[in-house]
Amino acid sequence: MRDDKPLCTWERSTKSPEQTQSLAEQLGRLLQPGDVVALVGELGSGKTLFSQGLARGLGVPKNFYITSPTFAIINEYPGRVPFYHLDLYRVSNRAELSELGLEEILYGLGAVAIEWAERLGQDLPVERLEVHLKFLGEEERDITFLAFGDKSAKRLTTLMGFYKEVMEKS
Ligand SMILES: Nc1ncnc2c1ncn2[C@@H]1O[C@H](COP(=O)(O)OP(=O)(O)OP(=O)(O)O)[C@@H](O)[C@H]1O
Ligand SMILES: [Mg+2]
């Protein structure tokens, strides 16, 4: 990962895949062109599921099934904002990374979700929202959001505000 410091962080736990998906969908609704969501977490922690939620929130039609793009590396879906879903699991070295021409996507006009984002190291954009997923139990995950730039801090603050409101109402 980069060694910069987040402007803002937020931690939540979810108790089911549905809760994770709905949290991601809520975030997806807030995403704008150029936003980058960097997903970090072990195999099976929920990165693809989270990306599916983002896609819903971005308005990717339901008939597009978001699978892990492990073999394609990059998948593109139409939505309110174009959605690029990347999976860097199989990228083993820097030469392969540079061949992908990621810059155009990372600094382009779509919203981007990257599984195994830590593989980008210092090439991760400064302006990004990191989402770290950890196992707490079979159906329980700890999800930590870290906003590393003004834009992502704004998205995260809005997301936190939304959940605060929901909790106050219930
Ligand atoms: N609270 C939860 N949040 C997210 N996923 C959960 C939760 N509870 C159970 N799961 C299950 O964990 C699995 C997560 O799989 P997913 O493919 O999203 O992981 P991944 O991080 O993308 O793995 P990989 O590294 O192989 O790409 C799914 O089968 C999902 O149903
Ligand atoms: Mg995955």
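Predicted model: local features only at pLDDT ≥ 70, side-chain atom pairs only at ≥ 80, totals over all residues.

Me: What share of the residues counts as buried?

Reply: Of the 170 residues, 38% count as buried. As a general idea, nonpolar side chains in soluble globular proteins tend to be buried together. In this case the largest nonpolar core has 38 residues, and among those with the most contacts inside it are Val 37, Leu 54, Ile 114 and Val 131. Strand β2, residues 36–41, gives the largest share of this core, namely five residues.

Me: Which residues does Ile 114 touch, leaving out those up to four places away in sequence?

Reply: With those left out, Ile 114 touches Val 36, Ala 38, Leu 39, Leu 86 and Leu 88.

Me: How should I read a helix such as α2, and is it enclosed or open?

Reply: One way is to count its buried residues, where a residue is buried if 20 or more other C-beta atoms lie within 10 Å of its own. Ten of the eleven residues of α2 are buried, so this helix is largely enclosed by the rest of the structure. Lys 47, Phe 50, Leu 54 and Arg 56 are among the buried ones, and the elements that cover them include α1, β2, β3, β4, β5 and β6. Just after α2, Gly 59 takes a positive phi of about 80°.

Me: Which residues come nearest to ligand 1?

Reply: Of the 18 residues around ligand 1, the nearest are Thr 20, Gly 46, Lys 47, Thr 48 and Leu 49. The elements that give two or more residues to this shell are α1 (17–30), α2 (47–57) and β7 (140–147). Sorted by class, the shell has three nonpolar, ten polar and five charged residues.

Me: How do strands β3 and β4 run, parallel or antiparallel?

Reply: In general, the side chains of a regular strand alternate between the two faces of the sheet. Here β3 (residues 74–77) and β4 (residues 83–87) run antiparallel and are joined by four bridges. Glu 76 stands opposite Tyr 84 in β4, while a hairpin joins β3 to β4 through five residues.

Definitions and conventions
Residues numbered from 1 in each chain as written. Chains lettered and ligands numbered in written order. Buried ≥ 20, exposed ≤ 12 C-beta atoms within 10 Å, placed from the backbone. Near = placed C-beta within 6 Å. Nonpolar A, V, L, I, M, F, W, Y, C, P; charged D, E, K, R; others polar. Core = buried A, V, L, I, M, F, W, Y, C linked by C-beta atoms within 7 Å. Contact = placed C-beta atoms within 7 Å. Pairing = 2+ DSSP bridges.
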